[in-house]
Amino acid sequence: MSGRGPAGPGSATATVTATGREDKGVGASVPRPDGTLKVTGEFAFSSDLWLADMLWGATLRSPHPRARIRAVGLAGALRLPGLAAVLTHDDVPGRKTFGLEAADQPVLAGGEVRYQGEPVAVVAADHPETARRAAAAIAVDYEVLAPVTDAEAALRPGAALVHPGGNLVRHVRIRSGDPHAPAAVVVSGRYEVGMQDQAFLGPESGLAVPAEDGGVDLYVATQWLHVDQDQIAASLGLPAGKVRLVLAGVGGAFGAREDLSMQIHACLLALQTGRPVKMVYSREESFFGHVHRHPATLYYEHAATADGMLVSVTARTYLDGGAYTSSSPAVVANAATLGAGPYQVPNVSVDAYGVFTNNPPCGAMRGFGAVQACFAYESQMDELARRLGMDPVQLRIRNAMTEGSVMPTGQVVDSAAPVAELLRRVSGAPLPQGVPGTACAGGPGGEPDLRDLPGGVSNTTHGEGVVRGVGYAVGIKNVGFSEGFDDYSTARIRLELVAGEPAVTVHTAAAEVGQGLVTVQAQIARTELGVDRVTVRPADTAVGSAGSSSASRQTYVTGGAVRAACAAVRDALLGRAALRYGVPAADLTLADGKIASRDAGVLADLAELLADEAIEQTVTWRHRPTQPIDPETGQGNAHVQYAFAAHRAVVDVDTELGLVKVVELTTAQDVGKAMNPLALAGQIHGGTAQGLGLALMEEIQVTGGVVRNPSFTDYLIPTILDMPPMNLHILELADPHAPYGLRGVGEPPTISATPAIVAAVRAATGRPLRRVPIRPDDIAGL
Amino acid sequence: MRVSCTVNGAPAVADDVWEGESLLFVLRERLGLPGSKNACEQGECGSCTVYLDGVVVCACLVAAGQAQGRDVRTVEGIADGGALGAVQQAFIDAGAVQCGFCTPGLIVTTDDLLRRVPRPADPEIREALAGNLCRCTGYEKILDAVRLAAARRASEDPPPGAGPGGPGRPDDAVGPGEPAGPGAAGRPGR
């Protein structure tokens, strides 16, 4: 051995201290406090954890999308030297199933497997290769059954059932106005969205360490520690207090870590063997180890007056949830409630269905439900504009939602909804020059640089057959958990003297997944308490739940909790000062590290008041309550906040080969308040990139329930060559209901990027392009 | 088998290496250098990029035995002493780090690019970094970081071409940023 010892669990993940000046508060482009550890390789991701006596876990997965398990033979595995444990369905001591919204997914399959890749057994061994071979040596006798693979057909009478209760996960019905209202123009279309993968780079992984009290400590990458804790404890048959979770470094999430992957398995193996167990999925296994974005089929009909006012939107949407429930109910609700888009539509009829099949389970991915709907309704808006002979941006602006608009659910949009302004921003931006030698160069002549053309240095064109197109889209997303969910976060703030200087410690269970929450939490504490030195402790279950790092909610909700807990600390501090100086607390203020009274000026330094005793407050904070929606009409105030973004895409298309080069993307988004402009830009850039991926390249290809491309060789995500320059227009129209006026930012860019790019390719080619991702065949007309 | 090589300037020996192990596995699990990341295990993502005898490679595609007697430099060896390298500091300052899983590979790849091409144009940056996948940033801030690092190195370095072989690493005028805070005290493993 040489060099340092390998990283211990939880080491250097998030205990990061940043000291700073006043310009490191809310609104400043504060660099990440964990940046240094991340650029030196010292930041401990969940796959980096290591203990001297640890074992490696591995998982045996079903090769069949649907089969009955007749027998499981362990003899071959048990013979292998170095093997420590083999566990199957019968070895799960507690609840045999888990799940976010319904516990319907087996920890280890028992009688039947319902998707390819479903875990059947787990093993632990002294080397990862031994563990893999042991898993491979388990003999499972399957009776292979015909899989259910077509979501629409699965709802028809007589369809084979994935679960005994039927194939419908959820049907959400929205009715407002008169869907049969007369109109001058009607356009209709059928749209398809392929199965997208979150493709985070850091694979599912973690380290489970058995504890002396009979419990287990789990260091893991996840999006919501407490919902993991509850599910793990139930399946281990332990009280939640004996299952302690610490957030290890998270290599991206994007929804894929909301559901459990290796958590229960590693804990089971650790408790069985009495040794720490590490599990790390390979990339191929990762494609089977988490849920994906729901593939969807969407039938839309838009009706409008001759001058382009929307009269009605009618939609039927089928979302393939795969084998288990996961987050499908919420995905269906989003696809339905947001199904008409960011427009004022007097008459709406939407039916969205989540369906069980034997395809891979689908659940949360950035923008869920809204992404699929937006591709359909924005494609429809373009088609409507074409039929009306209108400019597509003008048609959108004419129908744009504003503050005060009424959603199809009857909910009044009660903060800024600058849909028209977002469209004006992106459409008003200057257009990039054409590439010399192409059909619409418009710029200087001469030979094109191959690198500027579709196909690049593959040398597939020198400009011939290359056509430019421009497209637009705008989208809407709800922020936070909806439909009456008790959506809260907890923050513990400690203010004390450290080496004579006031210092703040922020402790929450909120998952930093790369988005920069760890930075924003510290910024809020600095702004609220005027203290430079702020430490954000590693997230763990020793403090109350923060809810999920999803639904664009964490800066809003955990940010709100940190602010509220800081206010409680400030109140306690001023109360202490009031007692000491005999001044009413209401007359006191805390600013620049000093306590001042309205009349007497500065009374004391912060340090004086903290000399004897620290101040610590824990606060649970909730956003405004939402309501369930009516099951018949979909009416109700389902969402706490709406967020909007618009995109303009400029593309060059090689119309002969079907290759697309995205030349430029321009985005406008209202963020309410730019808490950290640098991190904000990163969210918009990254979200846009994932939208580009869905438009042009990203699809898990599933045939007969079997995944055909579980690797980064065959599942393509955008590279730096695929991404164009991106121009951002940020609006800060405060939402009076939200902390600092902020609006969730993570998801909107992913939603509108996809349809804008498709619209641009349509503009270039004239092809209908009603399915994403677009395939070269679709463009070339093959 | 035993594998002996030089890692970040110091001799390193790993014993009981199974022949099927990659250089990446040996670095991460046997030599205590988990900075190089494993995200695809098939040379598609670039997260495990290291120098092998001065040439950047995907450590996941190098069999451990192939590293015998050779010189390996990982992301852990990019910083000079306590100070961050110009590329590392630029990645922080430009906002090019989000989840950070791709970052070690990008740091090494960028370091290599700027050694070969001190002031790369955007198309050259894109071409050089095309083998490094990032899922968080959309690459805009990564481009900014490379441009920033190039500019800073250019303003600090003597003119390039002063001689081959281990081009002088600039003494970074830009500080290492704030101290990283407490490490893993009280937790297992350290």
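Analyst: Start with the sheet. Six strands of chain A form an open sheet in the order S10-S18-S17-S16-S11-S32, with mixed pairing. Strands here are DSSP runs of type E with at least two residues, helices are runs of H or I with at least four, and both are numbered from the N terminus. Two strands pair if DSSP finds at least two bridges between them. Strands of a sheet pair through backbone hydrogen bonds, either parallel or antiparallel.

The edges of this sheet are strand S10 (168–176) and strand S32 (771–772) of chain A, each pairing on one side only. S32(A) is joined to strand S11 (residues 185–193) of chain A by two bridges, in the parallel sense. Val193(A) has Val772(A) of S32(A) as its bridge partner.

A word on the basis. This is a predicted model, in which local features need pLDDT of at least 70 and side-chain atom pairs count only at pLDDT 80 or more, while totals for chains, interfaces and linings use all residues. Residues are numbered from 1 along each chain as its sequence is written, and chains are lettered from A and ligands numbered from 1 in the order in which they are written. The predictor gives the complex an ipTM of 0.95 and a pTM of 0.94.

Now follow S17(A) out of the sheet. Strand S17 (310–322) of chain A is among the elements that cover the buried residues of helix H10(A). Others include helix H9 (370–388), helix H11 (419–428) and S19 of chain A. A residue is buried if 20 or more other C-beta atoms lie within 10 Å of its own, exposed if 12 or fewer, and partly exposed in between, with C-beta atoms placed from the backbone.

In helix H10 (residues 392–399) of chain A, the buried residues are Pro392(A), Val393(A), Leu395(A), Arg396(A) and Asn399(A). They lie on the same side of H10(A), because they cover an arc of only 160 degrees around the axis. That arc is taken from the directions from the helix axis to the C-beta atoms.

Of the 14 residues of strand S19 (residues 466–479) of chain A, 13 are buried, so the strand is largely enclosed by the rest of the structure. S19(A) runs antiparallel to strand S27 (residues 641–654) of chain A, and 14 bridges join the two. One bridge partner in S27(A) is Arg648(A), which faces Tyr472(A) in the pairing.

Notes: Contact = placed C-beta atoms within 7 Å.
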